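Here is a walk through a two-chain model. Keep the structure open while reading.

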Amino acid sequence: MASFLINTLGLPAWLAWTITATVSAALILNVMAVGALVFIWAERKIAARIQDRLGPTRTGGKFGWLQSVADGIKLLAKEDLMPEGADGLLFRIAPYVSFCASFAAFIALPFAFDFVGQRLNVGVFYVVAVLGLEVFGVILAGYASASKWSLFGAMREAAQVVSYEVPLGMCVVVPVMLAGSMDLVTIAEKQAGWFTNWYLFHDPFTFVIFWVYFTCAVASVNRAPFDLAEAESELVAGFHTEYSGLRWSFFFMAEYGSMFLVSALASVLFLGGWNGPVPIASLLGLSEGTGDTAGYLVRLVGCLNLILKSTLGVVVMMWVRWTLPRLRIDQVMTTCLKYCTPIAAVMFAGAMLWSFFLPGGLVGIAGRRILSRPAGEIREGWLKGPGGRGRDVVSSRPITEAAMMPAPLHSDDGRRVSR
Amino acid sequence: MDEPGGISRGSLLEDPRLDDQRIIEFDVRTDEMLVNMGPQHPSTHGVLRLVLRTDGEIVSEVEPHIGYLHRCAEKIGENLTHRQWIPYTDRMDYLAAMNMNLGWALAVEKLMRHRVSERARHLRVLIAELGRISSHLVGMGAYGLDLGTFSPFLYAFREREKILDLFEEACGARLTYSYITVGGLTADLPPGWLLKCEQFLDQFEPVIQEYHALLTTNAIFVKRTAGIGVLPREMAIDYGCSGPVLRGSGVDQDMRRDGESIYTAMYDGYAFEVAVMKNGHYPRDHAYPPVPSDAVLGDCWHRFFVRMLEVVQSMDLVRQAIDRYSACKEPLGEPLKLTEKMPAGDAYLETECPKGQMGFYVVSDGTAIPWRARARSSSFSNLSVLSELCRGCLIADVPAIVGSLDIVMGEIDR
């Protein structure tokens, strides 16, 4: 789009890039906001079904699908309260910090082959790092609220999220290692083909590490049974006890946004990203990289694929939330430090050895040739010697260069620009 | 501090006692924080206010403050006749109002030496045991809520709703029944009621296994309750704890078996085993999930489990009562008149309510209006042990312990 603006309309580069960024941001913002609305409604309905009731049935006709909108209007109309003694600036800024962190992480998330806000060759690192910033909003909220319950919530959040970043990072590194890239688009591309190519089924270690990742992801976005920061029966509402109206809803949006994001990240890293279980497109002879209508449709279907997988992850989180009791803070930390971290470390080592000795992956051993090659490529890269190692495991391009320079992804006729 | 109970007499603010050996010592002494839990806190079961002295997540002392639901029920009792006070007993333990009605009615009947008909006796057993089931269902569901799981609460309320429907059909009210009254019951059961009751029991029986799956045997639930808030047998007796709290500590006492004759006569001919652990076993425990290895007798898990067992026990009693009640051909009999005079004197009777031993004391000067009406609350005694149980626990354990005591503030404050 930017190159179109520059080349065809003759706009200056800075303006073209600004317009492009604004449009992308607006699109992602919409995805996130609408996603949050849908998920809030879905959570109501799912919780209701689990609990033997109907949930909203009347708002907006059938299925109460306007319930979230009605909720939003109610929240907008609510009085914006700030407790006496609160730190005004921090209190006001905290929800936006949380929201921005959740939102910013969406930028590097590929919805389909080219459907990505900004393709980064350190996409995994970027998403995990930016998502980790969400905790600042929570800590600020707890600190600034002048409420003891909020403070407890913030302290719990700080302890919990910082601890869970460690196993989460270890889990995330495994697909990176297998794909030989930190670029989320590349990682998903390498899992193209049948579902056996998904890193979930690559070897037993990746299978285990997917579940560790999911556990840690649930913990890092503060969902039950790890929702200690807002534990209702203990801390009233935790860090957002003193929030009301729109500010509160920003925390809510951030939570649902993060839920979707970690699920989408799980899909990209372990479940083939936008690649369906059966490569229908390539069986039909279509390619997702072309610029014609067919290629566009393939990418659209891929996008739906990813959203479906992520939604599945979110639904599982809801299911868990409405079933299990909450853990205690020491048990949460035990789970992290005594179980998740060692398991992740062992699985990381296992996956590393596996991909070195059996690069074909699990199904490759059975003699099926349809399996992915990336692991084999890594091995070849390693066998080339010390010079080849670094090049293949991480992207050959120095990180700083790509991250600083917004390179056009594709020209406007849809062909990919070689990088 | 020198008292054996260790409850501070002065204000917490004035008296920061850190030299208590029972409080866990730390290498780094950090600032303490006084936190108000309640009276508007979601998990203090009404309007209980707890002042917690915390060091980080660790609670060094809990001081309960009560009185937010005081409604002068006892004073009002001195201005109403014995039967007119029945609705006020409803509002004490509003989750087991039938059992409260029964307690007061029996106390007055004891003073008046009045005997109800056989039919009324069996109907009272039936109704009181159904009331116990409904109370324990709330206790169980709300306990799940205290531990952060919402769904079992609604599953429990779904079943309780059916009991309330039955009660509504019998007496017209769903929460404050005033059904059992002095000298009998206000009305007999409507036709077809027993059949519905049996249908409910048949449908309810398998649901209990669901509760066991969701709570009793759930790994997180066990982690949160086993070994938490251990109430030793001696302490339970010292503090006058009763009901499931006492039996959860392994004390074999149940007023339905060990109480005064006017009360135990009600259960004459009924077969039931007191739900208490004896020689490491609960009665008929082969039918229930095993006790988790890290559970200690007297902890939250055992208190919860005793309630679960009592639900089954009460179902059994209801079935027996249905048989006996339908075998009775004599009429139910009318309750006493509103203005029936009581003989001068006094009477005290403790009955086994779902929350514990509820005592009613009535002093009469020969009129129909008691000179003094007094209620001994079981929840009050059970709550008084809280500050002992919460010493050195985590904040998250406080709702777990309060919930396992299953208190109801209407009864404590009266």
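pLDDT is the predictor's confidence in each residue, from 0 to 100. This model is predicted. For chain B the average pLDDT is 85, and 93% of its residues score at least 70. For the model, ipTM is 0.75 and pTM is 0.79.

Start where the chains meet. On one side are 26 residues of chain B, in contact with 22 residues of chain A. Several elements of chain B supply at least two residues each to its side: β1 (33-37), α4 (118-146), α5 (151-171) and α7 (219-225). The side of chain B that touches chain A holds 14 nonpolar, seven polar and five charged residues.

The largest nonpolar core has 226 residues. Which residues touch the most other members? They are C171(A), I209(A), Y213(A), V398(B) and I401(B). Helix α11 of chain A, residues 245-270, gives this core its largest share, 17 residues. I209(A) shows some of the packing. Setting aside residues up to four places away in sequence, I209(A) touches C171(A), V174(A), A344(A), M347(A) and A351(A).

Now follow helix α13 of chain A. It spans residues 293-321, 29 residues in total. From first C-alpha to last it reaches 42 Å, close to the 42 Å expected at 1.5 Å a residue. Its buried residues include V298(A), L306(A), V314(A), M317(A) and M318(A). Which elements do the buried residues of α13(A) pack against? They pack against α2 (13-50), α9, α11 and α12 (280-283) of chain A.

E230(A) lies in the loop between α9 (204-220) and α10 (232-235) of chain A. Is E230(A) buried or exposed? E230(A) counts as buried because it has 23 C-beta neighbours inside 10 Å, and the cut-off for buried is 20 or more. Beyond its neighbours within four places in sequence, E230(A) is in contact with G153(A), N222(A), L235(A), A237(A), G238(A), F239(A) and H240(A). E230(A) and E157(A) are 73 residues apart in sequence, yet their C-alpha atoms are 8.8 Å apart.

Turn to the strands of chain B. Strands of a sheet pair through backbone hydrogen bonds, either parallel or antiparallel. Four strands of chain B form an open sheet in the order β1-β2-β3-β9, with antiparallel pairing. β1 and β9 (393-394) of chain B stand at the edges with a single partner strand each, so one side of each is left without a neighbour in the sheet. Inside this sheet, β2 (residues 49-55) and β3 (residues 58-65) of chain B pair over seven bridges. One of the pairs joins L50(B) to P64(B) in β3(B).

Further along chain B, β6 (residues 345-353) and β7 (residues 356-364) run antiparallel, joined by nine bridges. A hairpin through two residues links β6(B) to β7(B). Across this pair, T351(B) has M358(B) as its bridge partner. Strand β7(B) also joins β8 (residues 372-376) of chain B, antiparallel, through five bridges. There, the bridge partner of G359(B) is R376(B).

Terms used: Residues are numbered from 1 along each chain as its sequence is written. Chains are lettered from A and ligands numbered from 1 in the order in which they are written. This is a predicted model: local features need pLDDT of at least 70, side-chain atom pairs count only at pLDDT 80 or more; totals for chains, interfaces and linings use all residues. Two residues are in contact if their C-beta atoms, placed from the backbone, lie within 7 Å. Ala, Val, Leu, Ile, Met, Phe, Trp, Tyr, Cys and Pro count as nonpolar, Asp, Glu, Lys and Arg as charged, and the others, Gly among them, as polar. A residue is buried if 20 or more other C-beta atoms lie within 10 Å of its own, exposed if 12 or fewer, and partly exposed in between; C-beta atoms are placed from the backbone. A nonpolar core is a set of buried Ala, Val, Leu, Ile, Met, Phe, Trp, Tyr and Cys residues joined through C-beta atoms within 7 Å. The expected span of a helix is 1.5 Å times one less than its number of residues. Two strands pair if DSSP finds at least two bridges between them.
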